[in-house]
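The following account leads from the overall architecture of a protein to two residues within one of its elements.

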Amino acid sequence: MDFLLDPNIAYLFLLAGVLLGLMAIIAPGTGMFEIGAFFCLALAGYAVYNLSFNLWALIVLTLSIIPFVYAIQKPERERYLALSILGLVVGSVFLFATEGWQPAVNPLLALVSSVLYAGFLWIVVKKTLQASHTRPSHDLTALVGQIGEAKTRIHTDGSAQVAGELWSARSEKSIANGSLVKVVGREGFVLLVEKYTDSK
């Protein structure tokens, strides 16, 4: 375990653990991120316990989680995400203490790792937020109430053209091919329809 007492190795484990922990916050329930984060942070914690560390850097590292959680709740909170990434980078680089203000971590390693870390986290969070706030293109619930056309006879089964796409459809009463239909519900990927009559 002596290799963990190298600040550069400990720094990489710390960075990996924090990154996996943040991924677990973004995508909870996978199990893989949580286990990976625990493993890496446990190894980094061993190094922190046995090496000198800057308390202020540990505080900065811990507090940077707060703007991160706030940033991932809604889009257009980039400044909080940037603040969180800055805190995580500064806190991790300066965590292991040396005399003076220079970090114990190799400056080149810190620079490359920080750039990759910040870029990856920025892209992943932005894409995740965009995906979570984008309405699915095949949201069947949004089809309820729309008017379409029966492409086959519809009763216990059949198909209908709705919103420019062909869907499996079912109706309580028989509907002839070519009739206008109105979507009144859905069961899975099957649309429940009824014959549409314009009341005007």
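Helices (H or I, at least four residues) and strands (E, at least two) are taken here as DSSP runs, numbered from the N terminus. In these terms the order of elements from the N terminus is α-α-α-α-α-α-β-β-β-β-β, that is, six helices and five strands. The model is a predicted one, in which local features need pLDDT of at least 70 and side-chain atom pairs count only at pLDDT 80 or more, while totals for chains, interfaces and linings use all residues. Residues are numbered from 1 along each chain as its sequence is written, and side-chain values use heavy atoms, with hydrogens and water left out.

Confidence is expressed as pLDDT, the predictor's confidence in each residue on a scale from 0 to 100. Its mean over the protein is 83, and 90% of the residues reach 70 or more. Where pLDDT is low, the predicted coordinates should not be read in detail.

The overall dimensions come next. Along the principal axes, the C-alpha atoms occupy a box of roughly 85 × 35 × 25 Å. The radius of gyration is taken over C-alpha atoms, and the globule rule is 2.2 Å times the number of residues to the power 0.38. The protein has a value of 27 Å, whereas a compact globule of 200 residues would have one near 16 Å. A residue is called buried under 20% relative accessible area, exposed over 50%, and partly exposed in between (1.4 Å probe, protein chains only). By this criterion, 32% of the 200 residues are buried. Contact means heavy atoms within 4.5 Å; of the contacts between residues at least 6 apart in sequence, 56% join residues at least 24 apart.

Strand E2 (residues 159-162) includes Ser 159. Ser 159 counts as buried because its relative accessible area is 14%. Beyond residues up to four places away in sequence, Ser 159 touches several others, including Ala 150, Thr 152, Leu 166 and Ser 168.

Ala 160 also lies in strand E2, and its relative accessibility is 0%, so Ala 160 is buried. With neighbours within four places in sequence set aside, the contacts of Ala 160 include Glu 149, Glu 165, Trp 167 and Val 181. Val 48 stands 112 residues from Ala 160 along the chain, and the C-alpha atoms of the two are separated by 64 Å.
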